[in-house]
Amino acid sequence: MKIACLPGDGIGPEIMAEALRVLAALELPVEVVHGDVGGAAYHRHGHPLPPETLALAQGADALLFGAVGDPTCDNLERHLRPEQAILGLRSALGLFANLRPAKMFAGLEDLSALRPEVAGAIDLLIIRELNGDVYFGEKAIRRLDDGRRQGFDLMSYAEDEVRRIAHVGFRAAQGRSGKLCSVDKANVLETSQLWRDVVIEVAAEYPDVALTHMYVDNAAMQLVRDPGQFDVIVTGNLFGDILSDQASMCVGSIGLLASAALGERQMAHGTLGLFEPIHGSAPDIAGTGRANPMAMILSLAMLLRHALGQEDAATRIEAAVAVTLADGIKGGDLGGTAGTVAIGDAVLARL
Ligand code: NAD
Ligand code: IPM
Ligand code: MN
């Protein structure tokens with residue numbers, strides 16, 4: 001099995017180093033290859049997703065991705081910005097299903113942005129569509145006839161795009177508590193009306209799943225009022241992006257949330273998938289050794305589970321992270337003092 005490791009920018013390489021130490025300690029028969037992405041790739045090759053990196057990704061069985069984003073690149077033309085690397089990989093590899101689990105770790109209840117008794121009940125899975133929506137529609141800043149500038153991003157979903165992510169949501173719900181909540185804005189957006197219509201059509205194939213619908217504004221409110229009511233949430237690209245960052249603070253820190261981006265091959269029987277923390281390159285703390293590597297390490301666990309079928313190794317990593325936290329070893333994001341390498345050491349010791 002070949003894992004392509006793409007550390008990227010900012011804290012990406014720092015947290016990736018810790019995940020790779022964990023992988024090495026497991027002594028699995030895997031080959032790790034390395035590629036440049038994001039601002040790092042732009043500075044070296046003139047493009048955030050150079051052809052050689054795309055080829056490396058296409059030839060791998062799974063991708064372990066750090067983070068991209070570099071403030072020095074924020075004024076480049078959009079197609080050259082670091083973020084295009086992750087968007088380009090998701091799109092080129094057809095990784096349309098993004099699993100973003102959020103679960104309270106024992107002992108962290110007091111560190112949630114919510115009251116402990118509210119936060120303690122969190123065990124949810126956000127399934128975010130990753131190949132469509134306003135992210136991939138036509139976009140421009142253009143001149144109107146009267147000379148005013150207008151920003152423009154087309155939001156759209158085709159029915160087959162909604163159908164395939166709905167199936168992922170229903171199947172995930174079957175494997176959990178049998179509850180699926182579809183989040184949209186059907187009271188205002190035609191894109192969301194079609195989303196809702198198609199989800200209802202697909203529901204006929206899953207009579208054992210209890211489907212509910214919620215508007216995204218209400219969902220944002222309910223997520224902090226009573227997050228325990230949610231099990232599986234299925235939603236579009238933009239809403240899923242926002243709600244997953246929000247869910248992260250409900251469990252204590254964005255430095256804890258991992259994700260899997262899967263495609264048709266993965267959904268059937270193949271192995272390709274991309275695994276990454278939900279957070280970004282954190283330029284404000286990059287280079288200081290303070291980043292929490294847990295989201296990255298937990299992304300490796302998701303890779304081992306979903307792409308390599310190594311359930312035992314995945315469970316071992318997750319348990320080692322949970323015990324590290326229960327032992328009170330925390331990064332600055334959780335009010336603790338442990339740095340990136342110290343957290344990596346602590347997880348390795350418990351592995
Ligand atoms: P961010 O997630 O990078 O950081 C938000 C805040 O959370 C910062 O204060 C940061 O220090 C903190 N934080 C994030 N991860 C942390 C960790 N592991 N440990 C401790 N603290 C952590 O979001 P942002 O500041 O909005 O974006 C910074 C850059 O990252 C931008 O260029 C953005 O486009 C990019 N970004 C990339 C990805 C990705 O690669 N998938 C995701 C989100 C943002
Ligand atoms: C994420 C990020 C990306 C997104 C950006 C960097 C393109 O916020 O992975 O959540 O919006 O999908
Ligand atoms: Mn995001």
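## Helix α2 and its packing

The buried residues of α2 pack against β1 (2–8), α3 (51–58) and α4. Contact here means that two C-beta atoms, placed from the backbone, lie within 7 Å. Helix α2 covers residues 38–45, and its buried residues are Gly38, Gly39, Ala40, Ala41 and Tyr42. A residue is buried if 20 or more other C-beta atoms lie within 10 Å of its own. After α2 comes Gly46, with a positive phi near 85°. Helices (H or I, at least four residues) and strands (E, at least two) are DSSP runs, numbered from the N terminus.

This is a predicted model: local features need pLDDT of at least 70, side-chain atom pairs count only at pLDDT 80 or more, and totals for chains, interfaces and linings use all residues. Residues are numbered from 1 along each chain as its sequence is written, while chains are lettered from A and ligands numbered from 1 in the order in which they are written.

## Helix α9

Helix α9 (residues 237–250) has 14 residues and spans 20 Å from its first C-alpha to its last, close to the expected 20 Å; the expected span is 1.5 Å times one less than the number of residues. Its buried residues are Asn237, Phe239, Gly240, Leu243, Ser244, Ala247 and Ser248. Viewed down the axis of α9, these buried residues fall within an arc of 165°, so they line one face of the helix. The arc is taken from the directions from the helix axis to the C-beta atoms.

The buried residues of α9 pack against β4 (95–103), β5 (123–129), β8 (179–184), α8 (216–225) and β10 (232–235). Just after α9, Gly252 has a positive phi of about 125°.

## Two domains

An automatic or database domain assignment gives domain 1 (1–93 + 272–351) and domain 2 (100–254). Their centres, taken over C-alpha atoms, are 24 Å apart. In domain 1, 12 residues are in contact with 16 residues of domain 2. On the side of domain 1 that touches domain 2, α4 (83–92) and α12 (311–326) are the elements that give two or more residues.

## Ligand surroundings

A residue is near a ligand if its C-beta atom, placed from the backbone, lies within 6 Å of it. Around ligand 1 there are 21 residues, of which Gly69, Gly255, His279, Gly280 and Asn292 come nearest.

Around ligand 2 are Glu83, Ile86, Leu87, Asp241, Ile278 and Gly280. Helix α4 gives the largest share of this shell, three residues.

How values were computed: A residue is buried if 20 or more other C-beta atoms lie within 10 Å of its own, exposed if 12 or fewer, and partly exposed in between; C-beta atoms are placed from the backbone.
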